[in-house]
Amino acid sequence: MIDILDTRDFSLVNTLSHKKYDESKRGMLMNLKVLTENNLLAGYENGELASFDNRILKEISSVKLFDGQPLLSFDYTNIKNIGISGSAENIIKTFKIGDFKLQEDKSIKITNPGINFVKIRETDC
């Protein structure tokens, strides 16, 4: 469950729920990105990425990007419909959103393990 708070007074605005999923298996919420007023992405300790629709307050899709490793960082751009993610491993994974479903795309091996921050520069899109 994800609580959405108003940053002006920290009042509860909405609560997003997971679809038929035992929250304890996902672990802690590691990172969050608001895509639009109604959609957001959430990365979890179990390596899963989930997409939520704020209008219906439900999860609409999820994909396991890293097995046994927390999803430490991710970014996404609507311009090219591509996301990038990192974990404690030495692999960067890309993902896309197609037909409202998250889809793993490519895996890129790098020299050193541990990617705690990724950013897509909109100027390069």
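Reader: Are glutamate 59 and arginine 26 buried or exposed?

Author: Both glutamate 59 and arginine 26 are buried, where buried means under 20% relative accessible area, exposed over 50%, and partly exposed in between (1.4 Å probe, protein chains only). This is a predicted model, in which local features need pLDDT of at least 70, side-chain atom pairs count only at pLDDT 80 or more, and totals for chains, interfaces and linings use all residues. Residues are numbered from 1 along each chain as its sequence is written, and side-chain values use heavy atoms, with hydrogens and water left out.

Reader: How many salt bridges are there?

Author: Side chains of opposite charge can pair when their charged atoms come close. A salt bridge here is a side-chain nitrogen of Lys or Arg within 4 Å of a carboxyl oxygen of Asp or Glu. The count by this rule is 8.

Reader: Which residue forms a salt bridge with glutamate 59?

Author: Arginine 26 does, with the closest N and O atoms 2.9 Å apart. Glutamate 59 is in strand E6 (residues 58-64) and arginine 26 in helix H1 (residues 23-26), so the bridge ties together parts 33 residues apart in sequence. Helices (H or I, at least four residues) and strands (E, at least two) are DSSP runs, numbered from the N terminus.

Reader: What is the accessibility of aspartate 75, and which residue does aspartate 75 pair with?

Author: Aspartate 75 is buried at 4% relative accessibility. Its salt-bridge partner is lysine 119, with the closest N and O atoms 3.9 Å apart. Lysine 119, at 55%, counts as exposed.

Reader: Which residues are joined into one network?

Author: Arg26, Glu48 and Glu59 are, through salt bridges that share partners.
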